[in-house]
Amino acid sequence: MPKAKVTFEDVGVTVTVPAGTRLIEVSEKVGAGITYGCREGECCTCLTKVVSGHEHLASPSVLEDQVLKDNFAPRHHRLACQAQVLGGEVVVKPA
Amino acid sequence: MNMVKATAAEGAIELVPDVHWVGALDPGLRSFDIILKTANGTTYNSYVVRGSAGVAVIDTVKESFSDTFFRRLESVADYGEITTIVLNHLEPDHSGALPELLRRAPQAKLYISSRGGPMLKGLLHGEQLAYQPTRTGMEVDLGDRKLRFLQTPFLHWPDTQCTWLEDAGVLFSGDAFGCHFCDPRLFNDNVGDFRFSFDYYYAHLMRPFRSRVLDALELIEPLPLKVIAPAHGPILRDAPDRYVARYRELSASRLKNEAAEEKTLIIFYLSAYGSTRAMAESLAAGAEDATGVRVSLYDIEGGEVSPFVDLIEEADGLAFGSPTINGDAVKPVWDLLSSLAAVDIKGKLGAAFGSYGWSGEAVPMVEDRLRGLKLRVPVKGVRARLVPTPEELAQCRELGRELALHLTGRQESTEIDMAALA
Ligand code: FES
Ligand SMILES: [Fe+2]
Ligand SMILES: [Fe+2]
């Protein structure tokens with residue numbers, strides 16, 4: 001299975017994950033500071049800054065895009081409960 | 001004197017020329033949103049602003065008070081004149097009469113913050129309402145006067161905003177600067193003593209979002225305020241700046257923190273036979289060893305919840321030590337952990353530790369709770385059976401050291417495989 005690497009910068013942990021993993025599936029287990037509310041891509045609590053490797057995340061759904069817009073999310077910010085890692089290396093930290 | 005009855009019969013009340021209060025009094029209410037006590041009720045404040053080219057209605061009332069609201073509104077404006085409806089906040093206590101108002105004034109344009117969109121949908125189920133999302137600095141023209149929006153999210157919901165009427169110096173502040181205090185004399189220089197209610201309301205609604213309050217104050221403090229017109233309680237026309245200053249004061253730390261630039265770690269523990277205490281002390285020693293972190297140790301048994309909550313609000317890192325008794329952490333620990341809704345602890349560093357007799361569930365349960373409270377819990381807690389061995393105390397010391405490294409951004413980077421994560 002294709003693998004990817006995600007680094008949670010605030011806790012200094014890099015995790016090797018299968019392609020397709022959502023950030024939410026890993027971040028809590030490593031104790032990263034990304035926090036969750038609805039877990040369904042609505043509340044924007046899990047807003048996360050993608051420090052690098054933005055291109056390795058699946059592009060946001062129409063819904064995620066709307067939530068990001070409604071909340072004035074800056075460039076290269078994603079919802080951790082939605083964003084899927086496709087490959088390569090991605091570095092994230094809480095927004 | 002029956003003050004309440006006296007005002008209920010009257011129409012709109014003028015704040016400044018061509019700005020009227022058209023809200024409702026709810027003297028019978030005794031608790032608000034379940035968590036808040038309201039000893040003498042509350043008010044739902046709604047306002048009408050008249051300009052040369054249009055009339056704006058700012059906020060409405062709880063649905064059951066619609067009749068009073070419409071009666072007061074009709075005394076100062078015709079529905080056909082209303083060009084603008086602003087909702088500073090969409091909670092039902094302010095949006096209750098909105099659908100009916102829009103039916104009566106279908107030509108009016110609705111202004112809400114962009115974060116209000118999903119809430120509007122949730123409130124009106126099915127009914128599609130067009131609205132204009134606002135941004136800080138955006139203006140609505142009423143002819144000879146203008147309304148300007150200030151985004152002040154989380155005072156007290158994500159959607160909250162304030163609306164500024166520059167020519168008259170009136171800030172329609174939504175829930176901010178409000179209180180649950182019902183007095184038909186309406187103005188702060190006329191009503192009874194509402195100081196307690198003002199502070200109490202801040203403590204419950206605003207304090208959990210303290211950093212957002214500070215952001216909002218940056219927008220509000222420069223305004224030449226003549227009147228603050230909040231969505232609940234007295235209208236602040238006498239020395240409104242005093243109430244802004246009070247928010248600043250309430251949002252700041254009490255005493256200056258002696259730790260200054262150093263990070264702080266507070267270790268709370270409870271101990272029946274001294275085991276968990278010994279662990280707490282080792283943890284503290286480990287954190288001190290790492291330097292750069294100011295550690296405080298507190299026995300939960302020797303204190304009360306409310307000052308502990310104050311401490312937690314200010315701390316950077318928190319470790320909780322609880323013995324496992326009958327398969328659970330002990331009640332004083334849960335009491336403390338269930339009292340933190342009033343403060344902002346999101347993103348703080350958390351950890352757990354404790355001794356146990358035969359099962360040791362307390363540590364993972366407390367860790368879960370900390371994660372639920374949106375703390376980061378990157379370092380696995382330490383458990384010790386009965387009396388901690390020197391090795392277990394060394395683990396506590398190591399836990400303390402690692403927490404200190406995390407707090408100061410010096411943690412070692414690690415690489416793991418997802419399969420290795422529990
Ligand atoms: S947790 Fe609500 S949007 Fe991700
Ligand atoms: Fe509210
Ligand atoms: Fe309210």
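What average pLDDT does chain B have, and what share of the residues score at least 70? Chain B averages 93, and 97% of the residues reach that score; pLDDT is the predictor's confidence in each residue, from 0 to 100. This is a predicted model, in which local features need pLDDT of at least 70 and side-chain atom pairs count only at pLDDT 80 or more, while totals for chains, interfaces and linings use all residues. Residues are numbered from 1 along each chain as its sequence is written, chains are lettered from A in the order in which they are written, and side-chain values use heavy atoms, without hydrogens and water.

Over residues 1-6 of chain B, pLDDT stays under 50, and the model has five contacts (heavy atoms within 4.5 Å) for them beyond four places in sequence. For the complex, the predictor gives an ipTM of 0.86 and a pTM of 0.86.

At the interface, 22 residues of chain B are in contact with 28 residues of chain A. The two chains bury about 2000 Å² between them, 51% of it on carbon and sulfur atoms; this is the accessible area (1.4 Å probe) lost on putting the two parts together, summed over both.

One salt bridge is counted between chain B and chain A, the term meaning a side-chain nitrogen of Lys or Arg within 4 Å of a carboxyl oxygen of Asp or Glu. Lys5(A) forms a salt bridge with Glu415(B), with the closest N and O atoms 3.0 Å apart. Strand β22 (residues 414-417) of chain B contributes four residues, the largest share of the side of chain B that touches chain A; strands are DSSP runs of E, at least two residues, numbered from the N terminus.
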